[in-house]
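Please look at the chain below and follow it from one end to the other before reading on.

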Amino acid sequence: MAGRPMSRTPAALNEAVSAQMQRMPRERTKPEMLLRRELHRRGMRFRVNYGRLPGRPDIVFTRVKLGIFVDGCFWHVCPSHSTMPKNNAEWWRAKLSRNVERDREKDELLISCGWRVLHVWEHEDTHAAADRIEALYLSLRHAFFAPPEGLS
């Protein structure tokens, strides 16, 4: 392990790998933009990367308290498409498992604030994901804005 200081926490393989990871887009990814365009095309209006909420969901419908995360298969360990790098495997295993752990923590925080959370994988068909979101949005909207029992 020449060239790398010994530490309890594994480190990125080298500065080039670290710099490359920092350049990876966190917002406005292709799958996210496709989904946003489809939702907008359907007349659905939302906020993007809403910083007032824990975890800054990618897409937020504030009126019905619905937060959407568009998760990358590699970074969020998709059960269908995830692969574990062989190079510096210990570091990657810790990094990716912490990402999943952080996702669950953000979900729990949002739920405790009265929000619904939906995750969409980057590999999902855009129209199918938009259908799921729209159905949930409409059911929440109906529940929030329905007249009280006996008043119609």
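**A walk through the predicted model**

Of the 152 residues in the chain, 31% count as buried, and it should be kept in mind throughout that this model is predicted. The chain contains 4 helices and 4 strands, and when these elements are read from the N terminus on, they run α-α-β-β-β-α-β-α. Among the contacts between residues at least 6 apart in sequence, 57% join residues that are at least 24 apart.

We can begin with the sheet. Strands of a sheet pair through backbone hydrogen bonds, and they may do so either parallel or antiparallel. Here, 4 strands form an open sheet in the order E1-E2-E3-E4, and the pairing is mixed. Strand E1 (47–48) and strand E4 (116–121) stand at the edges with a single partner strand each, so one side of each has no neighbour in the sheet.

E2 and E3 run antiparallel and are joined by 3 bridges, with isoleucine 59 standing opposite isoleucine 68 in E3. The hairpin of these two strands, E2 and E3, has 4 residues between the strands, and in it lysine 65 takes a positive phi near 55 degrees. E3 and E4, by contrast, run parallel and are joined by 6 bridges, and glycine 67 stands opposite valine 117 in E4.

Is strand E3 mostly covered or mostly open? It is mostly covered, since 6 of the 6 residues of E3 are buried. Leu66, Ile68 and Val70 point one way from the strand E3, while Gly67, Phe69 and Asp71 point the other way, and all of them are buried.

From the sheet we can turn to the aromatic rings. A pair of aromatic rings is described by the distance of the centres and the angle of the planes. A search of the whole structure finds 6 aromatic pairs. One of them is formed by phenylalanine 74 and tryptophan 75, which are edge-to-face, at 5.0 Å centre to centre and with 80 degrees between the planes. Phenylalanine 74 counts as partly exposed because its relative accessibility is 24%, and tryptophan 75 also counts as partly exposed, because its value is 26%.

Phenylalanine 74 has a further partner in tryptophan 92: the ring centres lie 5.3 Å apart and the planes are at 70 degrees, so this pair is edge-to-face. The pair links distant parts of the chain, because phenylalanine 74 lies in the loop between strand E3 (66–71) and helix H3 (89–112), whereas tryptophan 92, 18 residues apart from it, lies in helix H3. Tryptophan 92 counts as buried because its relative accessibility is 11%, and buried means under 20%. Taken together, ring pairs link Phe74, Trp75, Trp91 and Trp92 into a cluster.

The last stop is an open space. Rolling a probe the size of a water molecule over the atoms shows where empty space is left. The second largest pocket holds about 190 Å³ of space. Which residues lie nearest the centre of this second largest pocket? They are Arg45, Phe46, Phe61, Arg63 and Tyr137, which belong to a lining of 13 residues. Strand E2 (59–61) and helix H4 (126–145) each supply at least two residues of this lining, and the largest share, 3 residues, comes from H4. When the lining residues of the second largest pocket are sorted by class, 7 are nonpolar, 2 are polar and 4 are charged.

Definitions and conventions:
Residues numbered from 1 in each chain as written. Predicted model: local features only at pLDDT ≥ 70, side-chain atom pairs only at ≥ 80, totals over all residues. Heavy atoms only, no water. 1 Å grid on protein atoms, 1.4 Å probe; cavity = no way out; pocket = protein on both sides within 12 Å on 5 of 7 lines; lining within 4 Å. Points joined across faces, edges and corners; volume = space filled by probe spheres on them. Nonpolar A, V, L, I, M, F, W, Y, C, P; charged D, E, K, R; others polar. Phe/Tyr/Trp six-rings, centres within 6.5 Å; stacked < 30°, edge-to-face > 60°. Buried < 20%, exposed > 50% of the residue type's maximum accessible area, 1.4 Å probe, protein only. Pairing = 2+ DSSP bridges. Contact = heavy atoms within 4.5 Å.
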